[in-house]
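Me: Hi! I have a new model open on my screen and would like to talk it through. Could you start with the ground rules?

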Amino acid sequence: MADATTGDLIKAKTIASDEVNAAVDVFMRDPTVGLFRFASGHTVDPSAAVKEHEPSRKAVAEPGASETFRRGMVRTAILLARPAVP
C-alpha cells in the first residue's frame, strides 16, 4: 500500500488505533520527536505531520486550546500522514 495514509493502514488493519494513540502520546511529551515506528515497521514523523497540517499546527500552538483538542488535532495530523513503508 504505497502512498497510504496512517488512516488507510488502520482500515487495512496494518496499524492499530492504539499505536496511533501511542504516537500522539510521544508527540505530546516531545513535540520535536522525529520518528515513531509502528509494529508493522512503518514509520511516521509526528512532528512533521503536525507541521504539514495547518489546523493541527495552529491547535498545538494555541495557548487557550484544551489538552483534549490538541491531542485530537495531533491524532488527525498523524492519521493524514503517509508513513514510510518498511
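Reply: Helices (H or I, at least four residues) and strands (E, at least two) are DSSP runs, numbered from the N terminus. This is a predicted model: local features need pLDDT of at least 70, side-chain atom pairs count only at pLDDT 80 or more, and totals for chains, interfaces and linings use all residues. Residues are numbered from 1 along each chain as its sequence is written, and side-chain values use heavy atoms, with hydrogens and water left out.

Me: Thanks. How many helices and strands does the chain have, and in what pattern?

Reply: There are 5 helices and 2 strands. Along the sequence they follow the pattern α-α-β-β-α-α-α.

Me: And what is the radius of gyration of the chain?

Reply: The chain has 12 Å, which agrees with the value near 12 Å for a compact globule of 86 residues. That radius is taken over C-alpha atoms, and the globule rule is 2.2 Å times the number of residues to the power 0.38. The C-alpha atoms fill a box of roughly 40 × 20 × 20 Å along the principal axes.

Me: What percentage of the residues count as buried?

Reply: 38% of the 86 residues do. Buried means under 20% relative accessible area, exposed over 50%, and partly exposed in between (1.4 Å probe, protein chains only).

Me: Let's go to Lys13. Where is it, and is it buried or exposed?

Reply: Lys13 is in the loop between helix 1 and helix 2. Its relative accessible area is 74%, so Lys13 is exposed. Its phi is near 65°, a positive value in a residue other than glycine. Most residues other than glycine have a negative phi.

Me: What about Lys11?

Reply: Lys11 lies in helix 1 (residues 6-11) and is exposed too, with a relative accessible area of 71%. Lys11 and Phe36 are 25 residues apart in sequence, and their C-alpha atoms are 19 Å apart in space.

Me: Changing topic: how do helix 2 and helix 5 cross?

Reply: The axes of helix 2 (residues 17-29) and helix 5 (residues 67-80) come within 9 Å and cross at roughly 120°. That makes helix 2 oblique to helix 5. Axes are lines fitted to C-alpha atoms, for helices over the stretch in contact, and angles run from 0 to 180 degrees between N-to-C directions. Under 35 degrees counts as roughly parallel, over 145 as roughly antiparallel, 65 to 115 as roughly perpendicular and the rest as oblique.

Me: Which residues make the contact?

Reply: Among them are Val20, Val24 and Phe27 of helix 2 and Arg70, Val74 and Ile78 of helix 5. Contact means heavy atoms within 4.5 Å. By class, the contact has 8 nonpolar, 2 polar and 5 charged residues. Here Ala, Val, Leu, Ile, Met, Phe, Trp, Tyr, Cys and Pro count as nonpolar, Asp, Glu, Lys and Arg as charged, and the others, Gly among them, as polar.

Me: And helix 4 with helix 5, at what angle do they cross?

Reply: Roughly 155°, and the axes of helix 4 (residues 54-61) and helix 5 come within 9 Å. The two helices are therefore roughly antiparallel to each other. Pro55, Ser56, Ala59 and Val60 of helix 4 meet Phe69, Arg70, Met73, Val74 and Ala77 of helix 5. That contact has 7 nonpolar, 1 polar and 1 charged residues.

Me: Last one: is Thr43 buried or exposed, and what does it touch?

Reply: Thr43 lies in strand 2 (residues 43-44) and counts as buried, at 14% relative accessibility. Not counting residues up to four places away in sequence, Thr43 touches Leu35, Phe36, Arg37, Pro83 and Ala84.
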